[in-house]
Amino acid sequence: MPAARSLKKTTAKKTPRATVPVRAAQKTTPAKAARKTAKKRPAADPTDPQRVQTILDRLAQHYPNAVCALHHKNAWELMVATILSAQCTDVRVNMVTPALFKRFPTPQAMAKAPQAEVEELIRTTGFFRNKAKNIIGAAQRLIAEFGGKVPQTMEELLTIPGVARKTANVVSGSWYKIGLGVVVDTHVMRITQRLELTKSTTPEKIEQDMMRLLPQASWIDFSHRVIHFGREICVARKPRCADCFLEDICNSKDKTWSTH
Ligand code: SF4
């Protein structure tokens, strides 16, 4: 018996090996081939007017009364607060401005302010030397050129020390209710990119893109609403996508949760 078993073992034919390598065989499955030859559907345009309008509508629905978070009583105070808000939170600015405006309540008073004293009052907002110089310079320019009043046109606003397009847009939009442009701060920048409304990477270019894309009547509210949205939902790190009212139309690579 042991001899017979041994004979059977040695004479048994081996199953021939597949001549096509396994990987190659997988590559050519009918399903894969079909997928390969199938035409790709063109990706939907994220700047499609209907999608843009949906974004505007939902922002309006969720933030109907969004306004500027910087405390102010007039255009001058708003301009100063906005200059101070560069690289600083609105909360911090609101902590600093009551004492600043109490000590130097008008452009006339600020124009004569000792820089060291202004620096001390605004120190915690960061870049305080440059900001103090700009605020005093802005007050002096208002008195010299604009009768002590904050002007309303972009051209005039941009001649004021410390005022770039963002500050000019905040003042004209929030105080004068004139939509000269779109405020692009860190929240607007991040969210317009995540929603694929722009491919630009600088505030200046993003503003131009938004001005082309959005109806002018929406410029002022759009920024206020996006800023609130950016603070509450679409935060910089770990956006709260599970709670987001734009999740179904958002394809951002930063998403933390997705239904599609
Ligand atoms: S789904 Fe997420 S990433 Fe997209 S807009 Fe909403 S919070 Fe932002």
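Visitor: How many nonpolar, polar and charged residues are in the shell around the ligand?
Guide: This is a predicted model. In it, 14 residues surround the ligand, and the closest are Cys234, Pro239, Cys241, Cys244 and Cys250. Sorted by class, the shell has eight nonpolar, one polar and five charged residues.

Visitor: What is the phi of Lys238, and is Lys238 buried or exposed?
Guide: Lys238 lies in the segment after H14. Most residues other than glycine have a negative phi. The phi of Lys238 is positive, near 50°. With 8 other C-beta atoms within 10 Å, Lys238 counts as exposed.

Visitor: Which loop holds Lys177, a residue with a positive phi that is not a glycine?
Guide: The phi of Lys177 is about 60°. Lys177 has 8 other C-beta atoms within 10 Å, so it is exposed. Its place is the loop between H11 and H12.

Visitor: How many helices and how many strands does the chain have?
Guide: Read along the sequence, the pattern is α-α-α-α-α-α-α-α-α-α-α-α-α-α. The secondary structure therefore comes to 14 helices and zero strands.

Visitor: How many of the residues of H14 are buried?
Guide: Helix H14 takes in residues 219-232 and reaches 20 Å from its first C-alpha to its last, close to the 20 Å expected at 1.5 Å a residue. Its buried residues include Trp219, Phe222, His224, Val226 and Phe229. What covers the buried residues includes helix H4 (49-62), helix H11 (165-175) and helix H12 (186-194). H14 is mostly covered, and the number buried is 11 of its 14 residues.

Visitor: Why does Arg225 count as buried?
Guide: Arg225 is found in helix H14. A residue is buried if 20 or more other C-beta atoms lie within 10 Å of its own. Arg225 counts as buried because its C-beta neighbours inside 10 Å number 23.

Visitor: Why are the buried residues of H8 on the same side of the helix?
Guide: In helix H8 (residues 115-122), the buried residues are Val118, Leu121 and Ile122. They are on the same side of H8 because they cover an arc of only 85° around the axis. An α-helix has 3.6 residues a turn, so residues three or four places apart point the same way.

Visitor: What percentage of contacts between residues at least 6 apart in sequence join residues at least 24 apart?
Guide: Of the 260 residues of the chain, 30% count as buried. For contacts in the chain between residues at least 6 apart, the share that joins residues at least 24 apart is 57%.

Conventions
Residues numbered from 1 in each chain as written. Predicted model: local features only at pLDDT ≥ 70, side-chain atom pairs only at ≥ 80, totals over all residues. Buried ≥ 20, exposed ≤ 12 C-beta atoms within 10 Å, placed from the backbone. Helix = DSSP H or I, 4+ residues; strand = E, 2+ residues; numbered from the N terminus. Arc of directions from axis to C-beta. Expected span 1.5 Å × (residues − 1). Contact = placed C-beta atoms within 7 Å. Near = placed C-beta within 6 Å. Nonpolar A, V, L, I, M, F, W, Y, C, P; charged D, E, K, R; others polar.
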